[in-house]
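Morning, everyone. Please have a look at the structure on the screen, and then I'll walk you through it.

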Amino acid sequence: MSHQITDLIHHPYQPPRGFEAPQPGVFKASTVIFPNVAAMRARDWKNKNGYTYGLHGTPTTFMLEERIAALEGGTQCILLPSGLAAVSLTGMALLKAGDEVLIPDNAYGPNKALAEGELKQWGITHQIYDPMNPDDLQARIGPNTRLVWLEAPGSVTMEFVPLAQLAAICRERGVTSALDSTWSAGVAFNGFDLGPAGARVPGSGADIVVQALTKYPSGGGDVLMGSVVTRDEALHLRLKGTHMRLGWGIGANDAEAVLRSLPSLALRYHAQDATARKLAAWLQGRAEVAQLLHPAFGDSPGHHHWQAVCGRDGAAAGLFSVVFDERFGAERIDAFCDALRLFKLGYSWGGPVSLVVPYDVASMRSPRLGSWPNKGVLVRFSAGLEAVDDLMADLEQALDRLG
Ligand SMILES: *Cc1c(COP(=O)(O)O)cnc(C)c1O
C-alpha cells in the first residue's frame, strides 16, 4: 500500500495459529469481515454457525453463552447487560397488550416496578401472588395469564417458596414460567429439574431460568450482566428475536471477566455459604435479634421447601436477613449499620466484600396479602470472602453500640 494510514489498517501480518490456552481470547468487534458476498449471505448467527456482527456474537460471548447454558442445565443462553435486563427481556418477548403476568410478593423489587411502570403503560396487567401459598397462584391464573415469575428464596426476606409445586401449577395450566435463579447461581439447585430432596426430576422446574450474573458468576463486584436460559428451541428463538430487535449487547471485557470467574464459582459459593451460616447461627443467639431468615435454618420460613429442592445437606447462598427486636427503631438500626466497619453498605452481593442493607419490608409488600407480620427492622447481610472471625468481631462491636 502506498499510504501509511492505509498500511496501518491493512497490514498483512497475522498472529501465528497454535496459541492454545485454557482462558479464551477477548474478541472485540462491531464489524466482522466476510471472505466474499456468498459467505456474507450464508452465515447464520442464530445457530452459532458463524459470526456476522458484534451484536450477534463473538467467540468470547458464544463461549460464555455455552458455559452459562451448561451451568443452568439448559441448552440455549442469551446474555444481557444486567440481571434486570434479563428480567425485562423475558416480559417484553412474551407479553403483549391484554396479557397478564403474575409476580410473587417477595420478588426482586425492580421486577414488580417494571410491571407497575412500562408493562402497565403497554396494556399488560399484573397480579401479585403469595408464593408461600400455591392455592393463591392457582386461583390467580386466568385466561390472559401468559407468564408467571418464580423466585426462591424471596429477595430480602429469604422465605423459600414451594418451588416444585408452583412450577407444576404453571405446567398444568399451560402458562410459561420464568425463574429468577440468582440466589442458586446454578449451584444450590437446578432451575429446570427440581427435587425431591436434591434429586433432579427432569422437566419439573421452570421453562426459563434467569440469573443476574452480576452476583456470584461475576464474583468480583465489577461486572453487570444477566442471562436467560431455555431448553425449548422455539421459546429461545422468541426471546432471541426480541433480544436482537432491542439491540442489547454485552462487552467483551465483561464476558471475559465472567469466564475468568466461572471456574471458581462453586468454591466461592460454598465458602460464602459456610461463612454466612456461622454468622447467622451466632446472630440467632443474640438478644437483639428476634428472627433469623436463612432457608437452611430449621425455624426459617420455608426451610422444608429449601430441603426439598436443595437437599437436607444442601447448599445456600451466603445471604441471610435478621429481624431485630422491635424495641430497636429504624434510627438505631441505621446507626448499627453505620457502625459496621468490614460490612459495607451496598446492594449487589456475591463479591468478595461483605455487605449490609437495612430494609423497610412492609413498604415493599402488597398490603392485600398482609404477608409481613414482623414489627422489627430487617437487615440483610451478604457474606463476602473475609475471615469469618473478623466479620463476627465486626458484628459484635456494632451490636454492643446498639445497647
Ligand atoms: C441483583 C438481582 C437482579 C438484578 O441484577 P442486576 O445485574 O443488578 O440488574 C435480579 N434478580 C435478583 C434476585 C437479584 O438479586
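Where is proline 153 found? Proline 153 sits in the loop between strand E4 (145-151) and helix H7 (163-172). Helices (H or I, at least four residues) and strands (E, at least two) are DSSP runs, numbered from the N terminus.

A word on the source. This is a predicted model, where local features need pLDDT of at least 70, side-chain atom pairs count only at pLDDT 80 or more, and totals for chains, interfaces and linings use all residues. Residues are numbered from 1 along each chain as its sequence is written, and side-chain values use heavy atoms, with hydrogens and water left out.

Back to that loop. A cis peptide bond joins alanine 152 and proline 153, with omega about -10°. Valine 156 is also in the loop between E4 and H7. Its phi is near 75°, a positive value in a residue other than glycine.

Now the whole chain. The protein chain has 13 helices and twelve strands. Its C-alpha trace spans about 80 × 50 × 40 Å along the principal axes.

A polar backbone atom of leucine 84 is 2.8 Å from a ligand oxygen. For threonine 214, a polar side-chain atom lies 2.6 Å from an oxygen atom of the ligand. For lysine 215, a side-chain N or O atom is 2.5 Å from a ligand oxygen. The protein covers 89% of the 380 Å² of accessible area that the ligand has on its own, by the Shrake-Rupley method with a 1.4 Å probe.

That's my tour. Thanks.

Conventions:
Polar contact = N/O pair within 3.5 Å; in protein donor to acceptor, adjacent residues only side chain to side chain.
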